[in-house]
Structure formats: structure tokens, C-alpha cells
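User: I've got this one open in the viewer and I'd like a close look at the sheet. Could you walk me through how it is put together, and then what goes on around it?

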Amino acid sequence: MARVLRDGWGLKGPVLPLHDRPFFQFQPLENSQRVEFLARCPQTASFIDVIRSGSTKVLVSSTSWTPDEDFSLLLDALVSYSDIATSIQSQLPEVLAIITGKGPQKDAFLSQIQMMAEAGKLSRVHLRTAWLSAEDYAKLLASADLGVSLHTSSSGVDLPMKVVDMLGAGLPVVGWDKFEAWPELIREGINGRGFQSSHGLCAALVDLFGEDEEPLRQLRKGALLEGQKRWDDEWDPVMGKLLGFCK
């Protein structure tokens, strides 16, 4: 971000990026709180036993259902994951993928899901859509196993707030990383992972949901650490110091 302001706008003085931080409602949950929420949430209640046993993983993504995000990429990755889970890696868990939000392309995506399901291409994947209150959306993020961001950034320097919220909830993220500012938010292999194709996303899911739980555990550890940084932690060292409020 600082480079773009210097090179593109010719700024000569100090350039101090001030990054967004999650709203206070995005917080990690204790396991008992997670189970309580998943047991009452309409999209997850019927799966609560298999979620608790670990045989089903909860994947969450949010969208405004506009052309800025290509959800066919997620669908293709889930089809590939289902194929791998039913053939060469049968130990892989099933996936409950919940996509939140409203927008113009939602109906078209639901039609794609139905066609894929009827063709038997999603036998190890369950796809649900949701429109939740702000409170329940925050709890869903904190209750999921992995978040997915398909934000592509037309400018190359804007950062998706949905990823900020996911980290605030302690949720590790896999996201489209083919834009310059992505590393300002996600540290590869620390609090998330990047991908640049449906094959890359599928590979990340297979790795993170595989028998070795350590990669996902480490990403969650990093997400929890990153999510502890709130507005005061961002504001004080940058604007506070610039304006003379903080040393």
C-alpha cells in the first residue's frame, strides 16, 4: 500500500499504512460455545454429531454474490475434493461448506450446485447458503474449521474485510493471493494460505483436512495470534504516534 501511494500518487513524506482490524464481536469461542452454536444453527444442526466426531469439517465463505468473486472456482475445488475423498484418499472428512450473503448471482450458483449434486459430483460435500445476523455470523466464523476468501482485488491493494473478520474470530484462511497486498494480511503457512486456481484450493483443502492435523492446528494458532490485534494496537503505533498522542 505504501509503495502504491509513493509511486502512483507521488507522495514524498512518510507513508504509514493503517490496516483495518476486526470489530469487537469477532472473537474466538470456547469449545462448549462452539458446540452450542452449531447445534442451534439451521445450516449445521443436523450435522452436529459428525462435526463433533471430526468426520465432517466446516468450511465458511462470505460473498455479496457479484462478479468480483468467482464462486465457480470454489465449486470446482469442492468437486475435485469430493472426487479425491471417494477414490484415492477415502480417509478425508466430508465437508460442510456454508456460504453467507445475498446478491445477484446467488440463484445461478444454487443452480450450479444442484446440477453438480444430481450428477453425483458432490458426494462428500454438503453445500448450504445462509443469511445470518451480525452476531450469528461472527459465531459461525468462530465455529468453523477453515475460511475461504475469493476476493480478487481489482486495485491490487485493497484487503478483504471478510478475512480480517475471520482472523478476529481465530479462523485460519485460505484465499486468492494473486494481488500485491495479500501478504500484508496473510502470512503464508502462519495464519493462512494462498491459492491461484481451483486446483490450488483443492490441494490446500486436502492437505489441511488430511490425517495430519498439525498444519491446520498451526494455522489456527497463527490466526488466533493475529486476531488479538485490535484497533488500539493498529491505531496507537501509527496515528497515535503521528498525531503526538502516543510515544
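Analyst: Keep in mind that this is a predicted model. The sheet is an open one, built from six strands in the order 3-2-1-4-5-6, with parallel pairing. Its edges are strand 3 (125-130) and strand 6 (192-195); each has a single partner strand, so one side of each is left without a neighbour in the sheet. From one strand to the next, the twist averages 20°.

Now zoom in on strand 1. Strand 1 covers residues 56-62 and pairs with strand 2 (residues 94-100) in the parallel sense, over seven bridges.

Next, the side chains. In a regular strand they alternate between the two faces of the sheet. In strand 1, Thr56, Val58, Val60 and Ser62 point one way, while Lys57, Leu59 and Ser61 point the other way. Both sets are buried. With seven of its seven residues buried, strand 1 is largely enclosed by the rest of the structure.

Helix 4 (residues 71-85) is worth a look too. Eleven of its 15 residues are buried, so helix 4 is also largely enclosed by the rest of the structure. Among the buried ones are Phe71, Leu75, Val79 and Ala85. As for its length, 15 residues at 1.5 Å a residue should span 21 Å, and the end C-alpha atoms of helix 4 are 21 Å apart, which agrees.

Helix 4 also meets helix 8 (residues 198-208): their axes come within 8 Å and cross at roughly 50°. That makes helix 4 oblique to helix 8, and the crossing is right-handed. From helix 4, the contact is made by Leu73, Leu74, Asp76, Ala77, Leu78, Ser80, Tyr81 and Ile84. Helix 8 brings Ser198, Leu201, Cys202, Leu205 and Val206 to it.

One last stop is Asp165, found in helix 7 (residues 161-168). Asp165 has a relative accessible area of 11%, so it counts as buried, the cut-off being under 20%. Leaving aside residues up to four places away in sequence, Asp165 touches Pro22, Phe23, Phe26 and Leu141.

Methods: Residues numbered from 1 in each chain as written. Predicted model: local features only at pLDDT ≥ 70, side-chain atom pairs only at ≥ 80, totals over all residues. Heavy atoms only, no water. Helix = DSSP H or I, 4+ residues; strand = E, 2+ residues; numbered from the N terminus. Expected span 1.5 Å × (residues − 1). Buried < 20%, exposed > 50% of the residue type's maximum accessible area, 1.4 Å probe, protein only. Pairing = 2+ DSSP bridges. Axes fitted to C-alpha atoms, helices over the stretch in contact; angles between N-to-C directions. Parallel < 35°, antiparallel > 145°, perpendicular 65-115°, else oblique. Left-handed = near helix turned anticlockwise from the far one by under 90°. Contact = heavy atoms within 4.5 Å.
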